[in-house]
Amino acid sequence: MATAETFENLKNLQDILVKKYDLEKKVNDAPKQLSNQEDLLVKTRKEFIEQKTAYDAIQEKVAKLKEELEEATKSREEGEKGVANSTTHREYEALEKQISEAKDKEEEVRHELQKQEKELAALDERLKITEDSIKFSEQELKNSRDNIDAEIADYKNQLASLKEKEDEITPNLKQETLFKFQGIIQRNSEGIVAVRNGVCTGCHMILPANFANEVREGENNGDKDILFCPYCSRILYYEEVSEDQQEDYFDIGAAGTLAGFEEDFSDEDENEEDEDNENDSLNDFDGGDVDDDSDISDEDEDSDDEIEDEDEDEE
């Protein structure tokens, strides 16, 4: 059997558990706040790696182009020196060809080298920006972690305080009741609610009259079994309300019953029968008038016959 003290303990425990579960959720969710910052940092680092790879590839290409340019320049200079010392026309033509090809190579390589060096400079600038962004993100992430660690520490201190209060109450409750009560609060934030005007204030459903009376009688007696709402499974206790706070609910009695409807319908039938009887009476009355007229007519004819007979006798 549950006493009034049990319900008071449950109400107090409800306040503690609601705060406790809320704090536990905050502790679990706090690290998730860093996920966006961590994702951004990972993305920036990936961009940096891709940019660095591209930078190294272009840098290597620039080095090769410089070697090619150096070789083309050297070939041109050797050709120009050879021309001055050439002794035959064939040798002269060969050296002129070497100089022409070297110049074309120089021009081609120099143009490509300028293009690659320009791209390398742009990549170098982007690398510096990305590197600064990584440093900034790392610092921001560190600050956020420090703040979250402080918040979690504060949450845990509050949880420790709540645990002490919870431990003062739970020994006074049955383990089965406590287990159900904790599960209900985790789902609905409320484990024990009042019954007002026969209504569960947790799910706002109208309770069966007999069941609501059990809750009320148990509260009035001060000693009862714990009753759970048949709709939302919350623990119920009765709460008296003043007349002006009472709510009006639909009363099927006010709407009448099927029997009452049949009675109304039969009354209409009786009224129709009465009307039919009155009409029949009127018809009978009219028929009686016609018969009376015929009787009067017959009497007139008899009178005429008597007068004729009297005249004949006088003659």
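Q: How many bridges join strand E2 to E3, and do they run parallel or antiparallel?
A: Keep in mind that this is a predicted model. Two bridges join E2, residues 192-196, to E3, and the two strands run antiparallel.

Q: Which residue stands opposite Val-199 in E3?
A: That's Arg-196.

Q: And what is the strand order in the sheet?
A: The order is E3-E2-E5, in an open sheet of three strands with mixed pairing. E3 (199-200) and E5 (235-238) stand at the edges with a single partner strand each, so one side of each has no neighbour in the sheet.

Q: Which strands does helix H1 touch?
A: H1, residues 4-29, packs on the sheet and touches E2 and E5. The direction of H1 makes about 120 degrees with that of E5.

Q: OK, on to helix pairs. At what angle do H1 and H4 pack?
A: About 50 degrees, and the axes of H1 and H4 (residues 175-188) are 10 Å apart. That angle makes H1 oblique to H4.

Q: Is that crossing of H1 and H4 left-handed or right-handed?
A: Right-handed.

Q: Which residues in H1 and H4 meet there?
A: From H1 they include Leu-10, Leu-13, Leu-17 and Tyr-21, and from H4 they include Leu-178, Phe-181 and Ile-185. By class, the H1 contact with H4 has eight nonpolar, three polar and no charged residues.

Q: How about H1 and H3, what are the angle and the axis distance?
A: H1 and H3 (residues 89-169) pack at about 155 degrees with axes 9 Å apart. This makes H1 roughly antiparallel to H3, because angles over 145 degrees count that way. The crossing of H1 and H3 is left-handed.

Q: Who makes the contact there, on the H1 and H3 sides?
A: Among them are Lys-19, Lys-20, Leu-23, Glu-24 and Lys-26 of H1, along with Tyr-155, Lys-156, Leu-159, Lys-165 and Glu-166 of H3. The residues of the H1 contact with H3 divide into ten nonpolar, three polar and seven charged.

Q: Last pair: how do the axes of H2 and H3 cross?
A: The axes of H2 (residues 35-85) and H3 come within 6 Å and cross at roughly 160 degrees. H2 and H3 are therefore roughly antiparallel to each other, and H2 passes H3 in a left-handed crossing.

Q: What does the contact of H2 with H3 have by class?
A: The contact of H2 with H3 has 21 nonpolar, 14 polar and 23 charged residues.

Terms used: Residues are numbered from 1 along each chain as its sequence is written. This is a predicted model: local features need pLDDT of at least 70, side-chain atom pairs count only at pLDDT 80 or more; totals for chains, interfaces and linings use all residues. Side-chain values use heavy atoms; hydrogens and water are left out. Two strands pair if DSSP finds at least two bridges between them. Helices (H or I, at least four residues) and strands (E, at least two) are DSSP runs, numbered from the N terminus. Contact means heavy atoms within 4.5 Å. Axes are lines fitted to C-alpha atoms, for helices over the stretch in contact, and angles run from 0 to 180 degrees between N-to-C directions. Angles under 35 degrees count as roughly parallel, over 145 as roughly antiparallel, 65 to 115 as roughly perpendicular and the rest as oblique. A crossing is left-handed if the near helix is turned anticlockwise from the far one by less than a right angle, and right-handed if clockwise. Ala, Val, Leu, Ile, Met, Phe, Trp, Tyr, Cys and Pro count as nonpolar, Asp, Glu, Lys and Arg as charged, and the others, Gly among them, as polar.
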